[in-house]
Amino acid sequence: VTTRNITLTWVAATGGVRTGYEVIYTPEGGSALNAVEVFDGTTTASAASPLIAGTLYTIEVYTVSGTGGDRKISENKTIDVRTFPKPPVDLQSTVINGELRINLSWQKPVGEVDMYQVETFLVGSSSPIKTTNHTTMMASIDGLSADKEYRFDVYSVRESLDRRSKD
């Protein structure tokens, strides 16, 4: 899953004569996108249409047998998947002199976002020393030391923390 694609894989149906699959992507509250016919058991949603970041899609997979007027479609299997949100844009920082604090601000990306997560790192470290969640497009990070360098990662979050994209 990315901001614009969903990749599906599945085990091929057994028995019967199978000529392929039909996959239909429907965005939450929207109309079904064009069906994608697949003949190798794998597809990406981008083949049907570019997807919208941070959007929930209902994906239906049908087994297809035959062609033309003899074409038959089986019962479907359905899964709901959400694309990742786009990362925040125009990240800005302002150091507050004498207070060992930095103010961060950013703009909402195109698409749906539920909240933002800010991770504070010491430069050179791969583990955050502080993580905060925000519903506004700003954060004030305090408790910093004047003799250390920091890195700040700002993520857009949609639905759950496993659906996030960083600037």
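User: What makes E7 and E8 a pair, and in which sense do they run, parallel or antiparallel?

Analyst: In this predicted model, E7 and E8 are joined over six bridges in the antiparallel sense. In general, strands of a sheet pair through backbone hydrogen bonds, either parallel or antiparallel.

User: Why are E7 and E11 called edge strands?

Analyst: E7, E8 and E11 form an open sheet of three strands in the order E7-E8-E11, with antiparallel pairing. E7 and E11 (138-141) each pair on one side only, and they are therefore the edge strands. From one strand to the next, the twist averages 15°, where axes are lines fitted to C-alpha atoms and angles run from 0 to 180 degrees between N-to-C directions.

User: How do you know which elements the chain contains?

Analyst: The chain has 13 strands and zero helices. Strands are DSSP runs of at least two residues, and helices are H or I runs of at least four, numbered from the N terminus.

User: Why is Asp-90 called partly exposed?

Analyst: Asp-90 has a relative accessible area of 47%. Buried means under 20%, exposed over 50%, and partly exposed in between, with a 1.4 Å probe and protein chains only; Asp-90 therefore counts as partly exposed. Asp-90 lies in strand E7 (residues 89-96) and has a positive phi of about 55°, although it is not a glycine.

User: What makes Leu-100 partly exposed?

Analyst: The relative accessibility of Leu-100 is 42%, so Leu-100 is placed in the partly exposed class. Leu-100 is found in the loop between E7 and strand E8 (101-107). Leu-100 is not a glycine, yet its phi is positive, at about 50°.

User: What share of the chain counts as buried, and what is its accessible surface?

Analyst: Of the 167 residues, 37% count as buried. The accessible surface comes to about 9,600 Å², and 49% of that belongs to carbon and sulfur atoms; the areas come from the Shrake-Rupley method with a 1.4 Å probe, and for residues only the protein chains shown count as cover.

User: What share of the contacts joins residues at least 24 apart?

Analyst: Among contacts between residues at least 6 apart in sequence, 60% join residues at least 24 apart, a contact being heavy atoms within 4.5 Å.

User: Which conventions apply?

Analyst: Residues are numbered from 1 along each chain as its sequence is written, and side-chain values use heavy atoms, with hydrogens and water left out. Local features need pLDDT of at least 70 and side-chain atom pairs count only at pLDDT 80 or more, while totals for chains, interfaces and linings use all residues.

How values were computed:
Pairing = 2+ DSSP bridges.
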